[in-house]
Amino acid sequence: MAEHLVSNQVTFNKPKVELHVHLDGAIRPETILDVAKKRGLVLPTDTVQGLLRLCTMSRPATLTEFLEKFKHYMHVIAGDREAIQRIAYEFVETKAREGVLYVEVRYSPHLLANNKVNPIPWNQKEGDLTPDEVVDLVNQGLSEGEKKFKIKARSILCCMRDRPEWSMEVVELCKKYRNRGVVAIDLAGDESLNCKTCPEHKKAFEEAERSGVHRTVHAGEVGPPAVVKEAVEVLKAERIGHGYHAIDDQALYERLLEKNMHFEVCPISSKFTGACVPDFTKHPLIRFKKDEANYSLNTDDPFIFNSTLDTDYSTAKTYMGFTEDEFKRLNINAAKSSFLPEKDKKDLLNRLRDAYGMNDKASF
Ligand SMILES: [Zn+2]
């Protein structure tokens, strides 16, 4: 796999683990243009540069503005079997190139479907692609990618906060495809919609816990510490997506540190969505580092932010004082907090420790 490893110019030129990245926010612009052409769909632009101008964020904005970006291209990929399998396959190739050894990629199966989904997303006409088949197609794409690019890829299925009626089906899909690469359930979207407003999410996460499906929740990204609290106490989240605003509640933050809760941190994303102050030298991640919290570094939606995993690493190095040792520590923590079965997790940790020259295996 040497040719897939990163070159010397990257910030942390060693195998990495990524736990928080959205499949539909990590599509290649070339692929969107190509699929649109094949399907006879007209986009406002037919160049990569034009598409990047349309879909990427160049300044900090709000989460709402961020979500608007998906409307420019999701209708191109959704409902198209070949395209869905292709984006999953290409995703693995991209991650292998970035030096990622293990990745957990997430998506909402409903947002890529056009049948047995209500409402049908992205103004698509009704077709014959169900959320269930979407999961099957993504599994196939990821698995072909794994074989070809020699890295490991697993998936997480997302419930959407504003679509509580989909949540029970999401957990059932997690159970159905648990032996074909689906490792967890997630809750994504507008954090103001809590479980009191939408009890279906709570029900789905209870079913996940009962069935041994792992759980992560987007919380404390732009929302207050109360959302993080609910994620941990009500939804029994084992990891927190982002979690920056947990530090606004000292008692909660200390409890999370004690529990060794894993934070899936996405620095570049947090700037563009307005989740954190744009000045990286004041980012909550600096506090996480100082407190030796358990966290990973992730891209979230690299297409929308026109970024790569290295953009996040180089930002951490340049503005937050990250060292090679801290990069090793956080990747070991990411592997330990991954949703792999114990044996696979041990293998991954061994591979990382070998690559990091940690002969004393007890050192982390
Ligand atoms: Zn996310």
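Trainee: How many residues line the largest pocket, and which of them lie nearest its centre?

Mentor: The largest pocket is lined by 29 residues, and those nearest its centre are Leu67, Leu111, Trp122, Met160 and Asp162. A pocket here is an open set of points on a 1 Å grid over the protein atoms alone, where a 1.4 Å probe fits and protein lies on both sides within 12 Å along at least five of seven lines; lining residues have an atom within 4 Å of a point. This is a predicted model, in which local features need pLDDT of at least 70 and side-chain atom pairs count only at pLDDT 80 or more, whereas totals for chains, interfaces and linings use all residues. Residues are numbered from 1 along each chain as its sequence is written, and side-chain values use heavy atoms, with hydrogens and water left out.

Trainee: What volume does the largest pocket have, and which elements supply at least two residues of its lining?

Mentor: Its volume is about 750 Å³, taken as the space filled by probe spheres set on the points, which are joined across faces, edges and corners. Helix 3 (63–69) and strand 3 (152–160) each supply at least two lining residues, and helix 3 has the largest share, with five. Helices (H or I, at least four residues) and strands (E, at least two) are DSSP runs numbered from the N terminus. By class, this lining has 13 nonpolar, seven polar and nine charged residues, where Asp, Glu, Lys and Arg are charged, Ala, Val, Leu, Ile, Met, Phe, Trp, Tyr, Cys and Pro are nonpolar, and the others, Gly among them, are polar.

Trainee: Which residues lie nearest the centre of the second largest pocket?

Mentor: Of the 16 residues that line the second largest pocket, Arg28, Thr94, Glu98, Ser307 and Thr308 lie nearest its centre. Two or more lining residues come from each of helix 1 (29–39), helix 5 (81–97) and helix 13 (302–305), with helix 5 giving the most, four residues. The second largest pocket holds about 380 Å³ of space, and its lining divides into seven nonpolar, four polar and five charged residues.

Trainee: In what order do the strands of the open sheet come?

Mentor: Two strands pair if DSSP finds at least two bridges between them. In this model eight strands form an open sheet in the order 1-2-3-4-5-6-7-8, with parallel pairing. Strand 1 (16–22) and strand 8 (294–297) are the edge strands, each pairing on one side only, and the twist from one strand to the next averages 25°, with axes fitted to C-alpha atoms (for helices, over the stretch in contact) and angles running from 0 to 180 degrees between N-to-C directions. Strand 4 (182–188) and strand 5 (214–219) run parallel and are joined by two bridges; alanine 184 has histidine 214 in strand 5 as its bridge partner. Helix 9 (225–233) packs on the sheet, touching strand 5 and strand 6 (239–242) (contact: heavy atoms within 4.5 Å), and its direction makes about 170° with that of strand 5.

Trainee: Where is the cis peptide bond, and which residues have a positive phi although they are not glycine?

Mentor: The cis peptide bond joins asparagine 118 and proline 119, with omega about 0°, and proline 119 sits in the loop between strand 2 (100–107) and helix 6 (131–149). Lysine 150, not a glycine, has a positive phi of about 60° and lies in the loop between helix 6 and strand 3. Asparagine 306, likewise not a glycine, has a positive phi of about 50°, and its place is in the loop between helix 13 and helix 14 (309–320).
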